[in-house]
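Morning, everyone. Let me put the structure up.

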There are 2 protein chains.
Amino acid sequence: MIPVSLKDLAKELNLSVSTVSKALNDCYDISAETKRKAFALAAKMNYHPNPYATGLRKQNSKTIAVIIPEIANHFFSLAINGIESVAKDRGYHFLIYLTHEDYQKEIEITKHFQNGRVDGLLLSLSSETSNVAHIEELLSRGVKIVSFDRVSEKILTSRVNTNDFQSSYLATEHLIERGCRNIAFLSNSKNLSTNNNRMKGYIQALARHQLPVEDHLVFECTNDNDHNYQLISDILQRKNRPDGIFASVEKIAMTTYHVCHDLGIDIPKDIKILSFSNLEIASFLNPSLTTITQPAFEIGQEAASILFNLLEAKKNNSQILNKTLNSKLIIRNSTN
Amino acid sequence: MIPVSLKDLAKELNLSVSTVSKALNDCYDISAETKRKAFALAAKMNYHPNPYATGLRKQNSKTIAVIIPEIANHFFSLAINGIESVAKDRGYHFLIYLTHEDYQKEIEITKHFQNGRVDGLLLSLSSETSNVAHIEELLSRGVKIVSFDRVSEKILTSRVNTNDFQSSYLATEHLIERGCRNIAFLSNSKNLSTNNNRMKGYIQALARHQLPVEDHLVFECTNDNDHNYQLISDILQRKNRPDGIFASVEKIAMTTYHVCHDLGIDIPKDIKILSFSNLEIASFLNPSLTTITQPAFEIGQEAASILFNLLEAKKNNSQILNKTLNSKLIIRNSTN
């Protein structure tokens with residue numbers, strides 16, 4: 001492609017390249033008249049500074065990376081909408097990287113950011129990640145990072161997430177109020193503090209209602225749907241079948257629907273189900289799904305704002321912000 | 001951030017920057033021994049070339065842009081997964097831009113690409129776009145573009161889409177076979193050839209079965225859900241209510257479910273519904289939704305492959321490829 005260059009403008013204006021450059025950068029030593037002419041011609045000829053030249057000079061690219069586990073997931077697609085709304089307003093571009101919940105892929109991806117490709121990073125960890133040396137390496141090189149949703153307490157960055165403990169406590173209490181006494185918790189990771197907080201809320205609600213906390217009622221699902229299908233199928237064919245399921249993520253709830261359908265188990269008569277989920281059409285499911293709905297759009301907005309503020313701060317600001325937004329329990333027929 | 005630079009390597013090796021650069025670029029005039037030393041140190045010091053310096057020199061950035069109408073939509077999130085799978089393998093990075101179906105936003109976004117920020121572009125048009133001068137402007141500047149799904153016949157680029165005409169014809173025939181005689185078509189745009197091909201399939205199937213093609217049965221929905229709700233609500237409260245609905249996109253089908261629920265209209269007894277959709281959980285809806293399912297992942301893969309081939313072609317290749325992948329009609333209870 002042949003974009004209009006500073007040289008083209010300079011030739012047209014009969015000025016040196018450096019004068020035109022200074023004029024467009026509003027330098028004090030260039031006359032108002034020259035600046036006016038330079039800006040007018042730049043607009044007319046549709047001149048845009050080359051972002052790589054600008055990036056090299058200013059040591060910034062106005063580009064950030066967003067690393068997420070997956071994109072075909074309502075929480076993350078809404079969070080991206082939130083990130084986009086702020087990025088657009090503040091003139092940032094964003095690259096998307098998907099780990100597919102794979103720790104090795106996450107490491108590979110972070111290697112791209114050791115060389116100035118991006119100014120900063122919005123990060124939501126893979127469910128496999130427990131060792132965070134690859135993130136610490138980036139931080140030590142001065143890459144600005146803000147974590148959201150899937151955060152790790154080991155990573156010293158600002159974080160945006162939701163009140164996982166409290167909302168899981170309330171959701172578990174809701175299942176107990178609806179008569180469940182044998183509630184299984186289906187986790188999606190043992191590494192993420194997000195997931196651990198959700199499990200703690202579940203355990204504390206059981207304890208508070210004098211229900212025993214049984215190890216054999218906590219299950220770890222993986223990123224493999226077939227494995228999860230088999231696991232849930234085994235759980236639901238036990239003699240002492242759970243009467244309630246708390247799914248830590250939407251995908252696990254949908255697999256549970258699948259298993260119940262195939263085994264002829266009636267939701268909510270035989271088993272009640274609820275899940276963390278941002279599924280917009282949860283109310284049209286059969287039966288409609290009770291959800292703990294996270295403010296996904298707002299989480300994306302907040303994380304992006306914190307990162308852009310960090311990037312634009314005049315002096316190096318190492319203050320760590322922890323922002324917690326509230327999720328909402330939306331009661332529907334799956335727990336009726 | 002302070003990445004390791006060529007200068008750091010040169011200092012350590014006691015060589016000039018240009019010698020180290022040549023060594024790492026495997027130039028013929030540098031000895032094998034120097035190359036070995038340079039590569040070994042680069043690996044040890046975790047050196048990565050600055051992408052902006054490389055981009056300036058090679059006039060490429062290994063970065064593409066993906067412009068789509070929205071991301072919280074199963075077709076597009078799956079297509080992005082397809083794009084990502086190819087980009088990762090071929091060493092490309094991708095920026096995401098959302099038009100939110102807004103023509104003006106689409107124009108604003110394309111302005112970013114006049115200056116070498118990206119090597120190429122994967123484009124799925126907004127439903128509002130009829131004038132394509134902004135895309136032609138990019139093409140005239142040599143930006144490589146591949147269109148997918150939401151294509152316009154006015155834009156002379158390679159295209160990847162599905163057999164919209166044929167699959168709509170078959171879907172309409174399915175509604176007729178299930179007894180519908182008064183089928184409404186809910187379009188999402190009058191500008192896109194995608195949508196027009198879907199409508200043509202619908203019209204031709206009606207004609208083939210000696211059913212009148214009525215103007216008052218074709219409706220144009222917009223990007224405004226409230227407007228669509230009102231429109232569909234009006235249609236379903238008419239004296240001569242349709243007995244079948246063909247929704248051109250998933251979002252419109254979900255709004256139709258919403259209206260039917262609120263008006264107490266039974267699907268499929270009172271009205272049958274089908275839709276283009278990549279909703280994975282279509283079978284768990286109440287009732288499960290009959291869908292025309294596009295090979296979204298494969299469309300993304302194919303579009304990305306064509307673009308990368310174009311970018312890597314040794315000589316300027318202006319050949320235009322038109323790739324059509326087949327969608328699948330999946331019959332479920334909403335048309336029972």
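Start in chain B, with helix H8, residues 164-177, and helix H9, residues 193-208. This is a predicted model, so keep that in mind. The axes of these two helices sit 7 Å apart, and the packing angle is about 40 degrees. Angles under 35 degrees would count as roughly parallel. H8(B) and H9(B) are therefore oblique to each other. Their crossing is right-handed.

Who makes the contact? From H8(B), we have Asp164(B), Phe165(B), Ser168(B), Tyr169(B), Thr172(B), Glu173(B) and Ile176(B). H9(B) brings a list that includes Asn197(B), Arg198(B), Gly201(B), Tyr202(B), Ala205(B) and Leu206(B).

Now over to chain A. The pair here is helix H6, residues 103-111, and helix H7, residues 133-140. Their angle is about 15 degrees, with 9 Å between the axes. So H6(A) runs roughly parallel to H7(A). What is the hand of the crossing, left or right? For H6(A) and H7(A), the crossing is left-handed.

On the H6(A) side, the contact uses Tyr103(A), Glu106(A), Ile107(A) and Thr110(A). Facing them from H7(A) are His134(A), Ile135(A) and Leu138(A). By class, that contact has 4 nonpolar, 2 polar and 1 charged residues.

To recap: H8(B) and H9(B) are oblique, with a right-handed crossing. H6(A) and H7(A) are roughly parallel, with a left-handed crossing. Over to you for questions.

Technical notes. Residues numbered from 1 in each chain as written. Chains lettered and ligands numbered in written order. Predicted model: local features only at pLDDT ≥ 70, side-chain atom pairs only at ≥ 80, totals over all residues. Heavy atoms only, no water. Axes fitted to C-alpha atoms, helices over the stretch in contact; angles between N-to-C directions. Helix = DSSP H or I, 4+ residues; strand = E, 2+ residues; numbered from the N terminus. Parallel < 35°, antiparallel > 145°, perpendicular 65-115°, else oblique. Left-handed = near helix turned anticlockwise from the far one by under 90°. Contact = heavy atoms within 4.5 Å. Nonpolar A, V, L, I, M, F, W, Y, C, P; charged D, E, K, R; others polar.
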